Amino acid sequence: MEREWLFSLIPLTIGAVFLSFGVYGLRRARALRRTGVTAEGRIVRHDVRRDDEGATFYHPVAAWTTRDGRECEYSSRFGRGVVGGGFGVGAFVVVQYDPEDPRRFAIQGWDAVTVDLVFTVLGSVFTASTLVVLLVLLLTL
């Protein structure tokens with residue numbers, strides 16, 4: 001076993017990145033649930049983004065007024081390939097936002113923690129399994 005163990009750094013790195021992304025999203029959602037404020041908002045448009053393979057994702061842009069009177073208009077961090085019936089332009093939505101930084105917000109019914117949970121689970125599996133393999137390789141030297 002000379003340099004074969006270096007290849008294990010690939011899934012370890014992927015796992016660490018996935019795990020970090022997932023944990024960040026779950027912590028963000030938890031903080032919004034704990035200290036977030038709700039407001040009625042409206043979908044004013046959709047930001048359309050295309051990935052490298054040509055798939056189109058629609059990110060709804062919600063506009064709302066904070067309790068202290070600030071006008072906010074931000075795009076959701078989650079995009080979907082199809083806009084659901086309740087999230088078309090002009091639809092009223094419930095927005096949960098951080099009163100200290102309204103850029104941190106979630107559109108109820110659109111922003112789901114499922115994606116963050118999947119990244120956390122996959123990242124944990126990649127990281128843990130790679131570390132087990134490395135540990136077994138080290139113990140059998």
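1. Tryptophan 64 and tyrosine 97 are both buried (under 20% relative accessible area; exposed is over 50%, partly exposed in between, with a 1.4 Å probe and protein chains only). This is a predicted model: local features need pLDDT of at least 70, side-chain atom pairs count only at pLDDT 80 or more, and totals for chains, interfaces and linings use all residues. Numbering runs from 1 along each chain as its sequence is written, and side-chain values use heavy atoms, without hydrogens and water.

2. The whole structure holds 8 aromatic pairs (ring centres of Phe, Tyr or the six-membered ring of Trp within 6.5 Å; planes under 30 degrees apart are stacked, over 60 edge-to-face, the rest tilted). Phenylalanine 18 and phenylalanine 119 pair edge-to-face, at 4.9 Å centre to centre and 65 degrees between the planes. Phenylalanine 18 is in helix α1 and phenylalanine 119 in helix α2, so the pair ties together parts 101 residues apart in sequence (helices are DSSP runs of H or I, at least four residues; strands are E, at least two; numbering starts at the N terminus).

3. Phenylalanine 18 is partly exposed at 26% relative accessibility. Phenylalanine 119 is partly exposed too, at 25%. The tryptophan 64 and tyrosine 97 rings have centres 5.8 Å apart and planes at 35 degrees, so this pair is tilted. Tryptophan 64 belongs to strand β2 and tyrosine 97 to strand β4, so the pair ties together parts 33 residues apart in sequence.

4. Strand β1 (residues 37-50) pairs antiparallel with β4 (residues 92-98) over 6 bridges (pairing needs at least two DSSP bridges). Glycine 41 has valine 93 in β4 as bridge partner. β1 also pairs antiparallel with β2 (residues 56-65), over 8 bridges. Aspartate 47 stands opposite histidine 59 in β2.
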